[in-house]
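Let us walk through this protein step by step. Keep the sequence and the 3D view side by side as you read.

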Amino acid sequence: MDHATRYLPLQLIFPACRPAIRWLAQHFPDPPQTANMAARAAVNAASRQLMEAWRREGKAEARGRGAGAGTDDGDKLASVAGGKGGGGFRAVGGGLSSSSFMAAMMEGRRGAAREERMSDVEVIAQGFTFMLAGFETTANTLAAAAFLLATHPQAAERLAAEAVGVAGRELSQELLAEETLRMYPPLPFLMREAREEVDLGGGRTAPKGSFLVLHVHAMQSSESQFPHSERFMPERWLPESGGALGPADPHAYAPFGVGARMCVGYKLANMVSGRGCVCA
Ligand code: HEM
């Protein structure tokens, strides 16, 4: 939060005033907000450039098909798609890799009914969300895993032995990633707005419209949920430990969130973090 705009805590403290605070942030930005707006503008401009190139190449592709194979346009498209002839990829546009997320969205719009078709702004917003949600979180997890391995040489040695196949899978990469995410969740709290009165248990309720913060880091550091919670123990996740090392309540572990808005990229994130831990 040190480098965040001062408008962020204001939005959290006064959620009902969010539209006014946003207006102020836009019209009277402080330095972090100015940097944020400049970064968003850069992403927007780059996305629009890619989308424009995609549209141009789409037209070229249609012309190329009309004129037969082997045209300049056809060659250009093939090189964009990873080699002449497509090499298993379909040519979808200049500057955009055919296997990219944005290409998938652009391609998906083609056949969609008008009312279901994503607008340019929606495509850019989705791309931005995935970049923001997927990049920083995974990078922070890998940084934390590297730190934990550097400060726990025995675990690092066991993992290295497993990676080269000279030991079993006692301390697998996945468990290491799980324990890293327990100790250093990249998103340490989740936020929700109560759409109706919520029963919090113990006779307490949160009225409709409340702003609720679920402190994931506190939950995952709780001694009652994770014995020796301050210790780095990937083995706590082994089935052999029989749950003795936590969590006492499975919902006390939520680095990817919970419910309908849970992280959509958690499988990819687990895979990347696990493999990344081996490299670290
Ligand atoms: C270690 C890596 C990651 C962590 C710890 C993480 C964690 C989270 C958390 C806590 C949320 C909010 C869930 C909630 O409010 O209940 C979230 C949402 C989301 N994550 Fe991740 N994430 C990771 C990687 C990724 C990756 C790799 C992608 C995509 C490629 C991704 C895409 C998203 C998206 C799109 C959302 C918003 C979902 C929605 O609001 O419906 N995340 N993530």
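Helices (H or I, at least four residues) and strands (E, at least two) are DSSP runs, numbered from the N terminus. This is a predicted model: local features need pLDDT of at least 70, side-chain atom pairs count only at pLDDT 80 or more, and totals for chains, interfaces and linings use all residues. Residue numbers start from 1 along each chain, following the sequence as written.

Start with the overall plan. The protein has 10 helices and four strands. Along the sequence they follow the pattern α-α-α-α-α-α-α-α-β-β-β-β-α-α. Two residues are in contact if their C-beta atoms, placed from the backbone, lie within 7 Å. Take the contacts with a separation of 6 or more: residues 24 or more positions apart account for 52% of them. Next comes burial. A residue is buried if 20 or more other C-beta atoms lie within 10 Å of its own, exposed if 12 or fewer, and partly exposed in between; these C-beta atoms are placed from the backbone. By that count, 21% of the 280 residues are buried.

Now turn to helix 6, which runs over 120-151. Does its length fit expectation or depart from it? The expected span of a helix is 1.5 Å times one less than its number of residues. Helix 6 has 32 residues and should therefore span 46 Å; its end C-alpha atoms lie 47 Å apart, which agrees. Its buried residues are V123, I124, G127, T137, T141, A144, A145, L148 and L149. Q126 also sits in helix 6. This residue is partly exposed, because it has 14 other C-beta atoms within 10 Å. Q126 and F101 are 25 residues apart along the chain, and their C-alpha atoms are separated by 9.4 Å.

A nonpolar core is a set of buried Ala, Val, Leu, Ile, Met, Phe, Trp, Tyr and Cys residues joined through C-beta atoms within 7 Å. The largest one has 10 residues, among them A144, L148, L175 and W237. Helix 6 and helix 8 (173-183) are the elements that give two or more residues to this core. A second, separate core has eight residues, including L50, M51, M106 and I124. Leaving out residues up to four places away in sequence, L148 touches T180 and F232.

Look next at the ligand. A residue is near a molecule if its C-beta atom, placed from the backbone, lies within 6 Å of it. There are 23 residues around the ligand, and A133, G134, G257, C263 and G265 come nearest. Which helix supplies the largest share of this shell? Helix 6 does, with seven residues. Helix 10 (266-279) supplies at least two. The shell divides into 14 nonpolar residues, eight polar and one charged. Here Ala, Val, Leu, Ile, Met, Phe, Trp, Tyr, Cys and Pro count as nonpolar, Asp, Glu, Lys and Arg as charged, and the others, Gly among them, as polar.

An unreviewed UniProt entry places the feature "binding site" at C263. UniProt positions use the numbering given here, feature names are shortened, and annotations may be inferred rather than shown by experiment. C263 lies in the loop between helix 9 (216-220) and helix 10. C263 counts as partly exposed because it has 17 C-beta neighbours inside 10 Å.
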